[in-house]
Amino acid sequence: MTPHPPRRSRPPIEDFNLQESELRARLIAGTHRERLIGYLGAKLYRELQTLARRAATARKQTGQRVYVLPGIMGSRLGLPARGRSPAQVIWIDPVTIESGHLARLALPARGTLRPLGVQLFKYLKLKLSLEVAGYDVDFHAFDWRQSIDDLGRELLARLKQERSGVVLVAHSMGGLVARAAMKNDRRGRVARLVMLATPNYGSYAPVLALRGAYPPVRQIAQLDHLHDAETHAQEVFATFPGLYQLLPAPERLHSPNLYDVGAWPGDVRPPRRTLLEKALGFRTQLAPADARCTLIAGVDRPTITSLSEHDGRFVYQITHAGDGTVPTDLALLEGVETYFVRDEHSELPNNSTVIAAVIDLLKRGDTRRLSRDSSSAAGAPLSLTERELRGEDSSKHDWRRMSLVERRRLLEGVVFPILD
């Protein structure tokens, strides 16, 4: 009888896909130190280790319940554990992506993918800091592919299980999910919302994502040996209702009209007409600004702040009036107390000054740590084509053969924080 070939074991869970309890245990005990430093850098590792140890003995002194909401792509997605079968991460598991399985994210999905937690390397520092300050904190991961109004209803259902007076600290898209929940929050369950870099009137990043020119889409494509960034954009990301709802609000657009499928260049497959039409009026599903809301916005980073059409192609205008992803004027909400920080969009949840300011806001309602000045570096706008934004690097990488530093650099800003 011919023996069966040995069963291939599943690759070990990457440190950034660990359950929160396991990662915190490693930080407290100091185990797996070299791997964690390779991904986090020595400075952030020391900060997280100190915070994890302090949080382990901190008392919930304030009695205040806090939910931390991540931004788009900030929640891990996959198949939950069943019986003896462990959870299977799709977003973001590099080995799975190498085999071409990012397509499993496309909607409508053949399998039932669920949020499996947040990207801890981007959001754990904020949560631990709030715990050390005496707050009772939990993450609210969500399936960022779905429509924001549906995600708001899911959040509200969870809030109904809490006593009134919950605080929401929400990064990027998470701020819109929070506002969608607050729209139908008849009993005032949300006591306060602190938004970090929320695109309240949208962003031009979804345009790049739908065109295959968005840096995270291109970074991920370097791991997929079967598909390129354009295929990911057209076959996967273009099926996400939540992405379309992040397009610049119609009233903030001049030209072209991004909600008219005919206005998109025809060199690649255009976005889905039905999803554009559904996204057109979605902001009526968001709660208007009120005294519970505060915004912390990033400024003074090269940001696409407008686009135009030339010879059948989009041309993007870049200024410093934004955080690298969200233009300042598309973040601001009239009547909302707003503070500014000079940092990148993805880095606000890891910014120590921002975190300290959030704690100030929760404790006393204001902060002196951040500026009220939104001014940015002057200078003429820079115009770039999609070819220039895409760059020339379309090389593929073998995750198993990459060093920790190479892995971090490839997925910097997507999974790993941007290190100085």
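Strand β2 (residues 75–79) and β3 pair in the antiparallel sense over 3 bridges, where pairing requires that DSSP finds at least two bridges between two strands, and within this pair L77 has W91 of β3 as its bridge partner. Strands (E, at least two residues) and helices (H or I, at least four residues) are DSSP runs numbered from the N terminus. The model is a predicted one, in which local features need pLDDT of at least 70 and side-chain atom pairs count only at pLDDT 80 or more, while totals for chains, interfaces and linings use all residues. Residues are numbered from 1 along each chain as its sequence is written, and side-chain values use heavy atoms, with hydrogens and water left out.

The β2–β3 pair belongs to an open sheet of 3 strands, in the order β3-β2-β4 and with antiparallel pairing. Because β3 (88–91) and β4 (114–118) stand at the edges, each with a single partner strand, one side of each is left without a neighbour in the sheet. From one strand to the next the twist averages 45°, an angle taken between N-to-C directions on a scale from 0 to 180 degrees, with axes fitted as lines to C-alpha atoms (for helices, over the stretch in contact).

| Pairing | Sense and bridges | Residue pair |
|---|---|---|
| β1 with β5 (residues 136–139) | parallel, 4 bridges | Y67 and D138 |

Strand β1 is mostly covered, with 5 of its 5 residues buried, where buried means under 20% relative accessible area, exposed over 50% and partly exposed in between (1.4 Å probe, protein chains only). R65, Y67 and L69 point one way from β1, whereas V66 and V68 point the other way. Both V66 and V68 are in contact (heavy atoms within 4.5 Å) with L130, whose contacts beyond its neighbours within four places in sequence also include Y135, V137 and I359.

L130 is also, with W91, L168 and I296, one of the residues that touch the most other members of the largest nonpolar core, which has 134 residues; such a core is a set of buried Ala, Val, Leu, Ile, Met, Phe, Trp, Tyr and Cys residues joined through side-chain atoms within 4.5 Å.

Among the helices, the axes of α1 (residues 20–29) and α3 (residues 42–57) come within 8 Å and cross at roughly 100°. The two helices are therefore roughly perpendicular to each other, a class covering 65 to 115 degrees, with angles under 35 counted as roughly parallel, over 145 as roughly antiparallel and the rest as oblique.
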